[in-house]
Amino acid sequence: MRIGDRIRQIRMLKGLTQAELGEKIHLKGDRIRQYENSVRTPKADKIAEIAAALDVDVSVFSDLDISSDEKIMQIFFELEEKLGLHLKKEEHSFSFCFEDDGKLSDSLRNYLDMWFEKSEKDTPELTDSQYEVERKKKDYTLWKLRFPSLIQGENSQEEIYYRFRPLVDGLSDDRPPMRVFSDMIKQLTKMMQAGIEMSFGSRQVKYAVLEGRISFSDQQLLSLTDPADSYFAEFLWDIQSMEKYGMEIRLESHRDGDRSYSDYVFRNNEIGTILSGMKKIQEQIKEGIFDTQRNQIEYEDFIKGFNISIEDSI
């Protein structure tokens with residue numbers, strides 16, 4: 001796949017316009033359009049910026065030529081020679097395997113194990129809803145696009161998934177879907193009072209459209225204990241509810257020094273406005289003045305202002 005086609009594929013998967021991607025790397029949308037249409041080819045430093053902006057590994061933009069059957073066969077031949085790839089045929093199907101003759105490095109064996117486990121986990125089942133099928137397909141695609149950077153350093157989103165998945169699944173029968181935006185305010189407040197660290201941001205991404213961002217420390221999430229871990233699981237469950245209504249939500253990541261963070265990005269005007277207000281509540285909780293009568297009156301007014309149906313607003 002050409003670099004331009006790859007940029008377009010990932011940008012659309014992330015739900016970004018050409019102008020929005022351009023803004024992230026300080027270029028105009030027209031330049032992104034030129035890249036995608038192969039009118040211009042980005043230089044190596046710009047490819048690295050695009051990869052960072054899209055939260056994918058820069059290797060996804062490598063020019064692997066599989067444009068013809070003959071070129072694909074040459075790749076198979078090279079894998080056979082260097083890594084012991086073995087071709088098998090059963091009736092009308094073909095399969096490949098690597099003979100266990102020591103040609104695979106320990107790191108490559110580990111990568112293959114990870115790939116197998118991820119593929120198994122994200123293979124849709126007959127009992128899955130359409131939403132769950134689409135979620136698994138998207139998760140698997142994003143996993144491949146972020147490989148191997150997602151497993152380097154301390155980026156722990158996979159660990160977070162496995163850590164909280166049982167807790168989220170356990171809420172399926174007991175917790176009703178989030179219906180109004182004021183419920184999100186209450187949930188975030190409860191999480192902050194339990195000591196969960198988070199930061200808030202909001203920005204205008206296009207005319208009359210806001211995008212809100214909530215960032216969590218991966219290291220803290222993995223060390224949460226009851227009841228804080230249950231509260232974060234409730235937050236993840238609420239995100240699933242909003243996605244089912246049709247809200248666009250992205251999971252991204254970033255690093256600050258030796259710490260990694262998970263970023264939940266909501267393209268929604270109400271949430272963008274809410275998160276601006278949550279900063280004040282966060283400061284009050286940290287200073288120990290949130291429970292004063294004056295601040296509680298302001299908090300109740302803030303909540304009432306967002307007693308708005310989530311489904312109807314999308």
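Buried means under 20% relative accessible area, exposed over 50%, and partly exposed in between (1.4 Å probe, protein chains only). The model is predicted: local features need pLDDT of at least 70, side-chain atom pairs count only at pLDDT 80 or more, and totals for chains, interfaces and linings use all residues. Residues are numbered from 1 along each chain as its sequence is written, and side-chain values use heavy atoms, with hydrogens and water left out.

View 1. Helices (H or I, at least four residues) and strands (E, at least two) are DSSP runs, numbered from the N terminus. Q18 is buried because its relative accessible area is 16%. Apart from neighbours within four places in sequence, Q18 is in contact (heavy atoms within 4.5 Å) with R11, G29, I32, R33 and E36. Two of these contacts are described further. The Q18 side chain makes a polar contact with the side chain of R33 at 3.1 Å and another with the side chain of E36 at 2.8 Å. A polar contact is a pair of N or O atoms within 3.5 Å; within protein, one must be able to donate a hydrogen and the other to accept it, and residues adjacent in sequence count only if both atoms are side-chain atoms. Between Q18 and R33 the C-alpha to C-alpha distance is 6.6 Å, at a separation of 15 residues in sequence.

**View 2. Packing of helix α9 (residues 181-193) and helix α11 (residues 228-245).** Their axes come within 10 Å and cross at roughly 155°. Axes are lines fitted to C-alpha atoms, for helices over the stretch in contact, and angles run from 0 to 180 degrees between N-to-C directions. α9 and α11 are therefore roughly antiparallel, the term for angles over 145 degrees. On the α9 side the contact is made by M184, Q187, L188, K190 and M191, and on the α11 side by Y231, F232, E234, F235, D238 and M242.

**View 3. Backbone at H26, D55 and the D226-P227 bond.** Most residues other than glycine have a negative phi, and most peptide bonds are trans. H26, in the loop between α2 and α3 (29-36), has a positive phi of about 65°; H26 counts as exposed, at 71% relative accessibility. D55, in the loop between α4 (44-54) and α5 (69-83), has a positive phi of about 60°, and D55 is buried at 12% relative accessible area. A cis peptide bond with omega of about 10° joins D226 and P227. P227 is found in the loop between α10 (218-222) and α11.

Technical notes: Parallel < 35°, antiparallel > 145°, perpendicular 65-115°, else oblique.
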